[in-house]
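Have the viewer open as you read.

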Protein chains: 2
Amino acid sequence: MMFSDDLDHPLAHGGGLAAARRLFADAPEPFIDLSTGINPYSYPLPHLPPDLFARLPDPEALTTVAAIAAQRYGAPTPAHVVPAPGTQILLPLVAALVDPSRAAVVAPTYREHARAAGLAGHRVSEVAKLDAAREARLVIVTNPNNPDGRLFNRNELIVMAQRLQARGGFLIVDEAFMDVGPAEVSLAGEVGRKAIVVLRSFGKFFGLAGVRLGFALAAPHFAARLSARLGPWSVSGPALAIGAAALADRAWITEARQQLTAAVDRLKTILVRADLEIVGGTTLFLLVRTQAASDLFQHLGRAGILVRSFPEHPSWLRFGLPATEDGWARLQTAMAAYAGTD
Amino acid sequence: MMFSDDLDHPLAHGGGLAAARRLFADAPEPFIDLSTGINPYSYPLPHLPPDLFARLPDPEALTTVAAIAAQRYGAPTPAHVVPAPGTQILLPLVAALVDPSRAAVVAPTYREHARAAGLAGHRVSEVAKLDAAREARLVIVTNPNNPDGRLFNRNELIVMAQRLQARGGFLIVDEAFMDVGPAEVSLAGEVGRKAIVVLRSFGKFFGLAGVRLGFALAAPHFAARLSARLGPWSVSGPALAIGAAALADRAWITEARQQLTAAVDRLKTILVRADLEIVGGTTLFLLVRTQAASDLFQHLGRAGILVRSFPEHPSWLRFGLPATEDGWARLQTAMAAYAGTD
């Protein structure tokens, strides 16, 4: 299927709480945002001295974060790491590392990939399976996939990268949710040897999406081109300080993974009790399929709970994790009421 | 003169305090950074609730900042305003709004403009005068100019934009220092009618360069293309909150301009007493020319004061403003010692 949206037109995403409040004006407050796949148990902010906001970010702070990220993600060296103000802004830049050609996005997935490849001048197809991408010079997969949690086989991805390399292309692997995925599936360690660019998101797992920090992991010649496009100071001073602290904090990371595993089990129980079919997910979100998705979205909205709907997949809803006990209780009550009146 | 630097190679800039500390390892602390043109009397940070860091920036916060910026800068409407994580990252994107052609940068100026136009695929010349740019489809001026404070005539710029429009091009006016420039020279109000894109920097005047916030002001069809390239959430949550507060704070803005005028007079006195020739500047920095620039740079470095040198203009030094009375005293002492031993 060709991707044919207007490339300049914004796509729908989760996180639009202000709009939700208008849509459900009578809903109880606080509105509970379950519409994103962001860890609600955020990494505790370190002290942020005013100088981080006042001064231009020192180039050496960027180098430090690249080194810490290389270690955390398992990239070969810091020269393989490009820090950016979120991975989103990297998407068209990474896609433009190969001259305009054919691109294939393994879909359904995060829709910005197809739009970004289109912005980079590619003819973009959305394909259901990796195998179907054989014609393309640029192939884009999200692993684990969003919103269904689908996992791609590491060896199949490497074989695909070899094929792409033979025709002057490469593979983009968006590992935005790999912090909670099976880490051994990550291709971060392969970016030096193979025609692979890996994207890693900081804000999702650390629950700090407002900070805007993300990384491309790529061979040094690609990394240098991406850095040149971003220019100096693309990452804010606070983001560099927060990233350096969080990415090195092994104890917090281990604990957060356990906490998320427990939380997603709790969410699963609530959804299963309401007779919803769980299609997949990660420990940061679950995707359900129901013919009554639109009704359930409205029901939850009126209860002050925002979940993610998908205009292009009207039977899907994605649920993130509540941040507080009050949030869990309200979700449980709303789902029970829904199941009871169904 | 053709711009022929390696486009992927980082250029030298001010603000590299960590590197300066290594270069002048015996210098007294705190090191005083006068190497940038950033207001040292920063806008006081508003309270930043943790949610600004945790949540994805709400799309409506971006719209709010665009509206406040339109008002502050005098852009026709918020649809003419593109918020970005600093203007730096916008430079290649703005230059790419016209297909690869000839670009002219009125120089000497901020060197990233030539590099960015090169990245966008243009053949880039650096020209000394606006008149000399007649062959180009893209002309870039910085007004007031950095580092010499040179001001371009508003009508001449408009005539140039009309010429460029006739050949399918446009004029980029970098108004990074226009907050302290003569505001009536700004072309922000013309971006809807004329083939002009204006760049405005947030961090310099408000003294919050680490926040990463900047704006392109452009006709709505250009603005939509730039926004599409940046994608959603390009500006961090804290930057949106700080920007919204600061850009609307008229009282602070008025006072800051007066404070900077007084401060630059004080700097001028110190430099003139040391027999330095002042080439120009703004109220955020002064540029001096001296055959002994390299000696003076070293002398100040040993005294723990970093100023901006220009590898391509070895007789220039740019001085920013000290932040504290201690900084003023140390600058005065160091300059007096220099003048005495000259």
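Which side chains meet in a salt bridge at 2.6 Å, N to O? They are those of A:Glu60 and B:Arg22; a salt bridge here is a side-chain nitrogen of Lys or Arg within 4 Å of a carboxyl oxygen of Asp or Glu. Between chain B and chain A the count is four salt bridges.

A word on conventions: this is a predicted model, in which local features need pLDDT of at least 70 and side-chain atom pairs count only at pLDDT 80 or more, while totals for chains, interfaces and linings use all residues. Residues are numbered from 1 along each chain as its sequence is written, chains are lettered from A and ligands numbered from 1 in the order in which they are written, and side-chain values use heavy atoms, with hydrogens and water left out.

**The interface**

In chain B, 55 residues are in contact with 55 residues of chain A (contact means heavy atoms within 4.5 Å). The two chains bury about 3900 Å² between them, with 58% of it on carbon and sulfur atoms; buried area is the accessible area (1.4 Å probe) that two parts lose on being put together, summed over both. B:Phe53, B:Arg229 and B:Trp233 supply 17% of the area that chain B buries against chain A, more than any other three residues.

**The sheets of chain A**

Four strands form an open antiparallel sheet in the order β9-β10-β13-β12. Strands are DSSP runs (E, at least two residues), helices likewise (H or I, at least four), numbered from the N terminus; two strands pair if DSSP finds at least two bridges between them. At the edges stand β9 (277–282) and β12 (308–309) of chain A, each with a single partner strand, so one side of each is left without a neighbour in the sheet.

A second open sheet has seven strands in the order β2-β8-β7-β6-β5-β3-β4 of chain A, with mixed pairing. Its edge strands are β2 (81–84) and β4 (123–127) of chain A.

| Helix | Strands touched | Angle |
|---|---|---|
| α10(A) (250–273) | β9, β10 and β13 of chain A | about 15° with β10(A) |
| α3(A) (59–73) | β2, β7 and β8 of chain A | about 120° with β2(A) |

Terms used. Axes are lines fitted to C-alpha atoms, for helices over the stretch in contact, and angles run from 0 to 180 degrees between N-to-C directions.
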